[in-house]
Amino acid sequence: MKHRLTLESALWITVAAVAVLFRMIHLSQPGLNDSEAQVALQAASLAGGSTVLAASHPLYVLLTGAMFALLGPTTFLARLLPALAGAGIAGVLYLGRKYLGRQVSLLAAFLAAVDPGFVAASRQADSPMPGMLLLFLFLVLFLNRKHKLAGAVLGLGLLSGLHFWQGFVLLAVTTGLYMLITGRNFEPWLAGAKKLAAEFFLQKGWISFLAAILLVGTLMFTFPGGAGEVLAGLTAYWQGWGAAFKDSITQYVLLLPSYELLLVAAGIGYGIHSILRGNRRSQFLMLSFLLALILTLVYPARNVLDMVWVVLPLLLLASDAIYALVRLSQDNWLPSAGLGLAVAILVTFALYSGLLIFTQGIGGQNMEIRIISLVGALVVAAILIILMAWAWSGPTGVAGLGMGLLALGVCYTIGQSYRAAGLGAFPEQELWRNSSRVVHPELLVSTLESISAWNNGTTNDTPIAVIDVDSPSLHWELRNFKRTDFYSAFPAGDNPEIVITTIQSSPASSFSYTGQDLEWNSDAEWGSLTSQEWLNWYLKRSLPVVSKTVIVWGRTDIMPVGQSGTGELP
Amino acid sequence: MLAFISWYLLILLTGWAAFPIAFRFFKLLPDRGFAFSKVLGLLVWGYGFWMLASLQLLQNSISAMLVVFLLMLLAGVLVNRKEGLSDLWEWVKSNKRILLAAEVVFLAAFGLWAFSRALNPEIIGTEKPMELAFINAILRSPTYPPADPWLSGYSISYYYFGYVMVAMLIKISGVVSGVGFNLAVALWFGLTATAAYGLIFNLVTLWGRNRQVADNEPESKLPFFSALLGPFFILLVSNLQGFLEMLHSRGVFWKQAADGTWQSKFWSWLNILEVNEPPQLPFSWVPERVNGTWWWRASRVVQDYDLLNNRQEVIDEFPFFSYLLADLHPHVLAMPFAILAIAIALVVWLQIQDGWEGSEKQPFFSWLKKWISGEQVRLDDLRLDVRFKDGRLVIPVLVLGGLAFLNTWDLPIYIALLCAVWALADYRHNGWHFGIIWNFIGLAVVYVILAVLFYLPFYIGFSSQAGGIIPSLVFHTRGIHFWVMFSPLLVPVLFLVLWLFTRNQGKLNLAGGLKFAAISVFGLWGISFLMGWLVLQFPTIGSKLLSSGGAVSTIGLKLLDAGSHFANLQGSPDSTTVLVVAFLRRLTSPGTWLTLFVLVMFTWAGLGVVRKAAGQEEPAASRTASIDAFVLLVVLVGIGLTLVPEFIYLRDQFGTRMNTIFKFYFQTWILWGLAAAYGVAVMSRSLKRIAHSLFVVVISAVCLMALAYTIWGVWLKTDQFNFKAMTLDGNAHIQLYTPEDWDAMKWLQSAPPGTLAEAVGGSYSGYARFSTQTGLPAVLGWPGHESQWRGGWYEILGAREADIETLYKTSSWNEAEAILERYGIRYVVVSSYEFGKYRAKTEKFDNFLSVVFQNGSVTIYEVPQAPLTGLP
């Protein structure tokens, strides 16, 4: 029997395609930052035959290590697993449509596909997305009584490490607190959980659980010690509570209104509205949002990517809000859509005028016209809404307004998503990443390859000494150079052909070296920004940044003679 | 405080996780093994982790340890799958007092000793650096077997199981190793106290229940307080040296002669070193020693003298001394597990009481013999279901094998006890026959084979210094020294043995006891002298063989060496002189062997009660007798451990009785301590009127004398309870007095792994301190200890010591570079030790190596390393 392609299926396929596209495009850009490079190097070390796995994300290291062993270590492969996991969230929402509702789950999947935080987190190697995917996939399968699959997913989830436990703790605390606050009886819930657990054991879910750990954890028994790291994530999570805070809280708090404006506005707005009407799902999601925010902020070993746990409940609430809007406009969708379009255009115009006022200042040129444009556009929009509400119905007017704002919100979100992925003009100015952005590593690599080629005809076989540069991302970029040594001080008595130093030092050698500075990574000083600077950043992505520069030195005798009289490296 | 709490919670969880296993195995005990569950849990957890890590199936990580912990929990559930855990829960609910009592004892003992350690926490002197080095090396090793911190390129060749357990607790709790070391000392004190408490509780409860039924007595109360005698006699009571030190310092028995010197016939006759010299003035009841430590002498009461009156040191430690010294040595680490082994022997004894299963099972060797010869045998004949039921084979083998891995000397002792239990059961049911001896040997062999197999990874790569047995001709323990050492235990044990004898006099065969005592004592005497005479002939025989040439000549040389060495040890090459003098010495100083003779006689006779009581109409009386018999068996094993080294001892690198006396006397203390505790508990319940009063007075007097050492020892070591600088960090003194060294150690602790070069020096010194504190392997640490552990290896160790010296002394970079490459050295430490010992020449390091750390007088150089990633 042929399956007809329904609209719903087509939409799901589209959403999946969008999710994959947003995650895969230019995945190897920019280069791995220090935080990503640390885990990628562990995977590379495993691929190189290391027998030690010291990672809080064993699953990532094992599977990526396997890929590296087969295909070689590349930036693309280093990010592939989180990218696939991030895209897979849509799949979880598809499986969970029975519980969320078909339309809501589709909307949530679309939002997850384009959400800036989800996209950014999916495009980084040290991502929480595998843990999130596996946790919710396990829950959905478990609730759907697919216990064998659920067991396997649970095993993989435990192996995925720290983020699985973050999500688990959040879920457990939210559920417990929700029941306490709402005064719900634990007994039926416990009885249900016991019944499901018993089924899990009877249907041999525990076998697939063990099999997943033993087979994947040991990489088909090629790395026996890997299975024992199944609780490494729990250990890392626990130890994180004893760590010291490393970054400022401001960037976490401002991240939401900056990138997740749609979700914040729609999600929180709808959440409050429906809580007042006794909507239990909204109550649970709002509680989850608040607890995720608190737990993320108070967790000492936090990092920015952990905010995806805060985004998730907002995303679901926003999906509910959008679905409510769609239902509201069902009867008069055409007029609502028309009004929405008009509102979108007018509000865009108003925003543009406002931006010009802000950038040029109050005393700027054509200020009166700008102000009139701003106010006028908003007034016209308001009039249109009132007219629509009078002519058709109140809900139609509201729906129109909502659609307009939604359209703007989606465009804004997609724009932010592009930036958050590091593909914008100023990637070092984006918040959704764990450490400083690496600036043009390909420039360094090509420079070294050129010097090596001049030296001995090969592009990666010239001795390179890196002096006192503590940067995993630099380790990563130099991975293909066969003779690279890392020192804390210049090795006395040695005269390597290429030396990389910090800007404060130079090769302490009797040989002559020619140097060229290169910006290695840069970051804004997020912790010390004023409110004016934050606004500047929000509107223009314009902030002073702090860069780390390295100098690449080539020994003069290996450089091409007379090629450049300035003595600079190409 | 947080560290203490975290360890307390950790061990509490471990105990409760293992309790389901203990509940099944110890089901015949009144407390169902609760008092032993912490020890059992630590053993099972440690074994599981160590075994899987040694097989490379697990890494040395917290996650792996947690996985094994969960497996232990699962094992507990599986073991109880038939009866269900509800059975256990019901028992817990109705026996809360028993559980609470054991927990209170544990917490009190653990807390008390942690408090004591906090008042003198320093990890300094004796072998504490060695123990800390092992712990840090185990913490630092990514996989097993752990690297030897004092011999780079090799794994530890020592019984390191106890250090694995300590390292596990340190790793999971996240405390630093300096704190973990002291917490481990306190924890082991607590575990030993609880295990001893539990054993006496069970013994006295069983005795009480049986007596109640047998004698129609009212139900006896559970012996919550009597059981405290167990930890009291084993852990708190000390030998009489402390009391003697008090008398000595007070000037008792000293008289001033006309020439002004102080003299004493008593102290001269006693002839315990240091107290045979006049005390310091003014006299005081507080023990003191000029330019020394008085408390050390208690572990050196016994002294050996050869024919030329040259002294050989003998160690006679007892538990309180060991804990006061706070040396985490294997004999200390093995203590709670030794008591666990005794508890297992008790359980096995109880298991085979009512249903003698020996006749139902085919003895293993006989079955094997038939199978090999092709006879028709069935696997069912072995009754494996009976042998393995309730863990009755696995648990004992796990514990015995663990003891070998903790402190190898303990293995034969507790195997002997376990086999003796079976032998006694056989005798009880079938009377005496020679098959008892063959079965004893056969069972011992089976246990040894299984114990080795269970811990096989340890034996691969382990080399020992042990090398056979040597007859003890001129060396023996003076009677008075023996009594100084053991009287706090001997007195109650003698009381017990004599009381049991008088109670059952009509049923016992004293003549049999006399015969056995004579065979044991004089038999050993005879064997020892025969062996001694033979060895003393070796030089003569060897000289004659030398001229033969070839392999015969080599044998002759070895005989000549061995014989000459043995003769030198005795103090004379003339065999007649040696034998005669040795004989006369023993004859004129019969205290020890006579004491043991009497003890053997009454103990052996007392064991006969179990045969007479079997088949009685009142089974309860029989059971009472069987509990008494078990305790007498424990006494007998203790006697063996003190009697044997009077005539034979194990040969090691030192060639003297030192280690044999040390290990055997320590175990004797545990065995007799338990017997003493049991004796006092039951006799104080049984004796009436004058006998009771006399008994109490005598025991109290002996105990008070024995507690003198305990009280003054703690008083001194805690600097009179100086609370000012309380800390559990055993390395706080390094941070305070040599902060530069400490900073360098901290740097190395977080540096990438690699071999370390530092100055090599003697044992018990501050040398090898960087490898000790960091766990990074040094080229060579304490050479003396390495040669002990590896049974020599003089060439290898000698070469390393010379190379390290050259590395620091040479001005030639090429020479230094060759040494760096030879040992794969990554870090070269230059500090006051290197300057002091070698006048280290650092110019070559400055020119060719990178300085990675510098602070004051400490510099660490790093040799350039390969790229950090092992990319293909």
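The following legends describe several views of a predicted model.

Residues are numbered from 1 along each chain as its sequence is written, while chains are lettered from A and ligands numbered from 1 in the order in which they are written. Because the model is predicted, local features need pLDDT of at least 70 and side-chain atom pairs count only at pLDDT 80 or more, whereas totals for chains, interfaces and linings use all residues.

**View 1. The overall form of chain A.** Chain A contains 23 helices and 6 strands (DSSP runs, H or I of at least four residues for helices and E of at least two for strands, numbered from the N terminus). Its radius of gyration, 27 Å, is close to the 25 Å of the globule rule for 570 residues, so chain A is as compact as a globular protein of that length. The radius is taken over C-alpha atoms, and the rule is 2.2 Å times the number of residues to the power 0.38.

**View 2. The domains of chain A.** An automatic or database assignment sets the domain bounds: domain 1 covers 7–246, domain 2 covers 329–429 and domain 3 covers 437–558. The centres of domain 1 and domain 3 of chain A, taken over C-alpha atoms, are 35 Å apart.

**View 3. The surroundings of Leu674(B).** Leaving aside residues up to four places away in sequence, Leu674(B) touches Ala196(B), Leu199(B), Ile200(B), Gly230(B), Ile234(B), Ile342(B) and Val634(B). Two residues are in contact if their C-beta atoms, placed from the backbone, lie within 7 Å.

**View 4. Burial in chain A.** Of the 570 residues of chain A, 46% count as buried, with 20 or more other C-beta atoms, placed from the backbone, within 10 Å of their own.

Technical notes. A residue is buried if 20 or more other C-beta atoms lie within 10 Å of its own, exposed if 12 or fewer, and partly exposed in between; C-beta atoms are placed from the backbone.
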